Amino acid sequence: MATSGIVKTNVKYGSYFWVEWEISGSQDIANNRTTIAWSCGLHPEEQYYDNAVKMNAVTINGTKVYSGGTYSNITDYQDRTFASGTLTIPHNSDGSKNFTISAVSGWIYGNGDYYGEAKSFTLPTIPRASSVSCSSANIGSKATITINRASTSF
């Protein structure tokens, strides 16, 4: 299970695009969901000028979090964050959750296309309480009580 992760493109001349995430705060146990903080950008190993860099859209867990953009005047050789934010991801009824960051891609003038495969991550499972049900009960007859154990933590 992961509490953070990163997806990168291929590297050309030392440069690559990236998307990273980490759990933001604690998981929301009552509502069975996790909020992640995410960011995307470029690690440049060269100087890039006038409209020389384009990063394409980023989708996390089926939600487009970044629409893509074109950038220029990247001259400091430092990681450049193009966008960041938070995303709340609901878990499955048993508390488990896998999510995917879409393929990461971009283009740099003179270097061509960059591409990184989609990658899946597993969030820590949120323990869920067991549910209880009971068949119709009449005085003097047997009734069946069923406990649906949702987690070994309960």
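The legends below describe close-up views of a predicted model.

**View 1. An edge-to-face aromatic pair formed by Trp21 and Phe121.**
The model has 6 aromatic pairs. In the pair of Trp21 and Phe121, the ring centres lie 5.4 Å from each other, and the angle between the planes is 70°. Trp21 belongs to strand β2 (residues 16-23) and Phe121 to strand β12 (residues 119-122), so the pair links distant parts of the chain, 100 residues apart. Trp21 is buried because its relative accessibility is 4%, under the 20% limit. Phe121 is buried as well, at 8% relative accessibility. One aromatic cluster is made up of Trp21, Phe99 and Phe121.

**View 2. A stacked pair of rings, Tyr71 and Phe82.**
A pair of aromatic rings is described by the distance of the centres and the angle of the planes. The ring centres of Tyr71 and Phe82 are 3.8 Å apart and the planes are at 0°, so this pair counts as stacked. Tyr71 is in strand β7 (residues 69-71), while Phe82 is in strand β8 (residues 80-90). The pair therefore ties together parts that are 11 residues apart in sequence. Tyr71 is partly exposed, with 22% relative accessible area, whereas Phe82 is buried at 13%.

**View 3. Asn98 and the residues it touches.**
Asn98 is part of strand β9 (residues 98-101). Residues up to four places away in sequence are left out here; beyond these, Asn98 touches Asn61, Phe121 and Thr122. With Thr122 there is also a polar contact between side chains, at 2.6 Å. The C-alpha atoms of Asn98 and Gly69 are separated by 28 Å, and these two residues are 29 apart along the chain.

**View 4. Asn61, a residue with positive phi.**
Most residues other than glycine have a negative phi. Asn61 is not a glycine, yet its phi is positive, at about 55°. Asn61 sits in the loop between β5 (58-60) and β6 (63-66). Its relative accessibility of 26% makes Asn61 partly exposed. Asn61 is one of the residues touched by Asn98.

The phi of Tyr77 is near 60°, a positive value in a residue other than glycine. Tyr77 is partly exposed, at 40% relative accessible area. Arg80 is partly exposed, with a relative accessible area of 25%, and Asp76 is partly exposed at 38%.

**View 5. The salt bridge between Arg33 and Asp28.**
The structure holds 2 salt bridges. In the bridge between Arg33 and Asp28, the closest N and O atoms are 3.0 Å apart. Arg33 counts as partly exposed because its relative accessibility is 35%, which lies between the limits of 20% and 50%. Asp28 is partly exposed too, at 23% relative accessibility.

**View 6. Asn111 in the loop between β10 and β11.**
The loop that holds Asn111 runs between β10 (104-108) and β11 (112-116). Asn111 is buried, with 12% relative accessible area. The side chains of Asn111 and Tyr114 are joined by a polar contact of 2.9 Å. Not counting residues up to four places away in sequence, Asn111 touches Lys12, Tyr13, Glu46 and Tyr48.

**View 7. Lys54 and its contacts.**
Lys54 is found in strand β4 (residues 53-55). Its relative accessible area is 35%, so Lys54 is partly exposed. Apart from neighbours within four places in sequence, Lys54 is in contact with Phe17, Gly69, Thr70, Gly106 and Trp107. Lys54 and Phe17 are 37 residues apart along the chain, and their C-alpha atoms are separated by 9.8 Å.

Val132 is in strand β13 (residues 131-134). Val132 counts as exposed because its relative accessibility is 60%, over the 50% limit.

Key:
Residues numbered from 1 in each chain as written. Predicted model: local features only at pLDDT ≥ 70, side-chain atom pairs only at ≥ 80, totals over all residues. Heavy atoms only, no water. Helix = DSSP H or I, 4+ residues; strand = E, 2+ residues; numbered from the N terminus. Buried < 20%, exposed > 50% of the residue type's maximum accessible area, 1.4 Å probe, protein only. Polar contact = N/O pair within 3.5 Å; in protein donor to acceptor, adjacent residues only side chain to side chain. Contact = heavy atoms within 4.5 Å. Phe/Tyr/Trp six-rings, centres within 6.5 Å; stacked < 30°, edge-to-face > 60°. Salt bridge = Lys/Arg side-chain N within 4 Å of Asp/Glu carboxyl O.
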